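Hi,

Here is the structure I promised to send over.

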Amino acid sequence: MPKSKEFSVSGSGPTVHLESLDEGTIAVLTLDDSKGTNVMSPEMGDVFSRHIAFTQKDAAVRAVIIRGTGKDFSIGGHRDMLIGLGRVGRSEKELHDFMLAFYNRWLPVLDLPVPVIAVLQGDCIGVAPVFACAADIAFADETLKLQVTFAGLGLYPGMALPTLLTRKVGPYRASLLTMANEIITGREAERIGLVERCVPAGAAYEEALKTARAIGASAPSVVRLLKRNLGIKKTDLTSELEMNAEQQARDFQTDEYRNRVANYLPDHYA
């Protein structure tokens, strides 16, 4: 196994590990909230965005892998955060600005100049499925249970998820995923094109690593040009992100949202 180097940013609490493999040509970002559920909190997002900025400047990197530690990729937004956003007394502007800042912690991943490969396993819930769409290539294993839960919470999807999903699977399947709260498996995600391949349990990371090395063997200038021409940039989503933040700010202030967020979220969100 080639030597790797890990860069530490946070010694405790939610963090993202950045590991460098194959003499720096592959960067691996691992979501880790120390509980195995990898909730996407603002604190984790701060570390994630710093790692993305660092990786973006590293000319040696040819591919980036994003994964979650433990049995789950991520169960989405932190329960306490979601409940707190619905508390009476917060202004619409405050809620709008909070959500826009939240999106901006995670979506710079779109602007990496090299291919991004997502590794999905276990629960991938709420906003976490955005990584299946924001990545250039996504692999899942058979344990994947992916669910977009926004409508079930009385909340319009954020992070430009409707557009990113439509780009990946088309408008009709995107409608089903966003409106019906349907749970799909890794095999179903492969069938509809949400992930490029579903492999046996525990094998998705090795599949991603094999693909990253194949990308690394290609001409870097060609790969970067392909990335630029085939990908989508964060700036392409500016107007939708603004709309998402405005609508979510309104939704947070409704009794329907407050009731649903208190009663709908699975127990393991706590």
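**What I found**

Val-64 sits opposite Val-116 of strand β5. Before going on, two things to keep in mind: this is a predicted model, where local features need pLDDT of at least 70 and side-chain atom pairs count only at pLDDT 80 or more, while totals for chains, interfaces and linings use all residues. Residues are numbered from 1 along each chain as its sequence is written, and side-chain values use heavy atoms, with hydrogens and water left out.

Back to the strands (DSSP runs of E, at least two residues, numbered from the N terminus, as are helices, which are H or I runs of at least four). Strand β4 (residues 63-68) pairs with β5 in the parallel sense over three bridges; pairing takes at least two bridges found by DSSP between two strands. β5 also pairs with β7 (residues 137-141), again parallel, over four bridges, and there Ile-117 is opposite Ile-137.

β5 (residues 116-120) is largely enclosed by the rest of the structure, because five of its five residues are buried (under 20% relative accessible area with a 1.4 Å probe, protein chains only; exposed is over 50% and partly exposed in between). Val-116, Ala-118 and Leu-120 cover one side, Ile-117 and Val-119 the other. In a regular strand the side chains alternate between the two faces of the sheet.

Leu-120 and Val-64 turn up again in the largest nonpolar core, which has 68 residues; they are among those touching the most other members, as is Leu-194. A core here is a set of buried Ala, Val, Leu, Ile, Met, Phe, Trp, Tyr and Cys residues joined through side-chain atoms within 4.5 Å. Apart from it lies another core of 16 residues, including Ile-65 and Val-119.

Gln-248 belongs to α10 (residues 238-252), and at 1% relative accessibility it counts as buried. Beyond its neighbours within four places in sequence, Gln-248 is in contact (heavy atoms within 4.5 Å) with residues including Phe-150 and Leu-155.

Cheers
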